[in-house]
Amino acid sequence: MGIVFGPVPSRRYGVSLGLDIVPLKTCTFSCVYCEVGRTTNMTIERQPFVLKEDLAGELKEVIQVKGVKPDYITFAGSGEPTLNSEIGRMIKHIKRTYPDYPVVVLTNGSLLWMKEVREELLDADIVEASLDTVVEEEYKKLNRPHRDILLSLYIAGLFEFRKVYKGRFIIEVLFAKGINDTEENISRLGDILKRLEPDSVHLNTVVRPPAEKGIEPVDEAFLGKVKERLGRNVEVSTVFHGTKTGFENIRDNILKALIIRPMSREDMQQGFNIGEEELDEYLKDLRKRGLIEEVEFGGKKYFQGIRYKGNIS
Ligand code: SF4
């Protein structure tokens with residue numbers, strides 16, 4: 001399996017080299033908005049899905065041989081990275097071998113109640129964990145967690161981690177229209193975030209094709225209001241159409257989605273809510289940079305992001 005992907009441009013983490021360390025859709029949740037599709041391997045059993053030695057070999061190839069210089073090295077990808085029991089050894093290896101590159105872990109945070117998971121993440125520079133809702137029914141509907149991950153356990157894990165972690169701790173809240181955009185959730189989230197005191201809170205919504213049909217984003221005005229209510233260290237991460245740097249951001253989001261899975265033109269138009277001509281502009285730009293390629297499957301044309309490309313300007 002390809003472990004290292006990108007580098008991909010990321011609004012928050014510059015040019016980021018991605019590490020995908022669990023098999024496709026191995027997760028503790030099956031979020032209805034997941035851009036990688038439904039979870040096929042729902043588990044809380046941690047395993048060495050990818051060995052530290054294999055990751056080290058790929059990283060060496062990309063950084064030392066190909067000369068890729070990312071701004072960040074980010075654990076992300078097609079499932080929940082903390083399910084890989086090697087993640088602690090991997091982080092230590094990266095910090096030792098490539099001390100100039102900050103390590104980011106994007107996690108759903110659902111395993112932080114496990115002491116070993118908390119300890120293994122301690123050396124990461126940034127840990128961004130999700131907390132979309134603190135309302136039980138919404139949690140079950142939106143995140144569709146493994147039956148053993150009770151909401152109370154999940155939240156307790158975040159608090160335990162906060163106590164011991166010295167790096168930058170970020171909470172991401174993703175809102176889906178009609179599910180967790182309720183007054184009850186926003187008000188309870190406010191209380192919990194006040195006590196949890198993350199370094200920053202990122203508000204987000206559904207911007208890429210979700211796992212389930214009918215899952216829709218909230219609008220920019222809603223996120224703006226939530227930001228005002230939740231406090232100073234809260235920022236809206238989603239880029240809406242019409243912003244000044246909209247082109248780069250939408251293009252980069254398309255690239256990220258294509259690196260994770262191939263998409264047809266229709267998928268992209270629907271998922272990013274853009275017209276044919278606009279999509280052509282993004283694809284032209286990505287092709288020119290050598291970041292995507294066309295593949296055929298079942299008589300249909302798809303586009304996919306190319307891994308191991310170091311030519312993002
Ligand atoms: S969004 Fe993240 S946490 Fe949710 S199912 Fe997808 S990979 Fe798992």
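Trainee: Why does Cys27 count as buried?

Mentor: Cys27 has 9% relative accessibility, and buried means under 20% relative accessible area, with exposed over 50% and partly exposed in between (1.4 Å probe, protein chains only). So Cys27 counts as buried. Keep in mind that this is a predicted model, where local features need pLDDT of at least 70, side-chain atom pairs count only at pLDDT 80 or more, and totals for chains, interfaces and linings use all residues. Residues are numbered from 1 along each chain as its sequence is written, and side-chain values use heavy atoms, leaving out hydrogens and water.

Trainee: And what makes Cys34 buried?

Mentor: Its relative accessibility is 16%, so Cys34 counts as buried.

Trainee: Why is Lys225 called exposed?

Mentor: Its relative accessible area is 58%, so Lys225 is exposed.

Trainee: How do you know which residues are around the ligand?

Mentor: A residue is near a molecule or strand if one of its heavy atoms lies within 4 Å of it. Lys25, Cys27, Phe29, Ser30, Cys31, Tyr33, Cys34, Thr39 and Asn108 are the ones around the ligand.

Trainee: How many disulfides does the rule give?

Mentor: A disulfide is a pair of cysteine sulfur atoms within 2.5 Å, and the count comes to zero.

Trainee: Why are helix 1 and helix 2 called roughly parallel to each other?

Mentor: The axes of helix 1 (residues 52-65) and helix 2 (residues 87-97) cross at roughly 30°. Angles under 35 degrees count as roughly parallel, over 145 as roughly antiparallel, 65 to 115 as roughly perpendicular and the rest as oblique. Helix 1 and helix 2 are therefore roughly parallel.

Methods:
Axes fitted to C-alpha atoms, helices over the stretch in contact; angles between N-to-C directions. Helix = DSSP H or I, 4+ residues; strand = E, 2+ residues; numbered from the N terminus.
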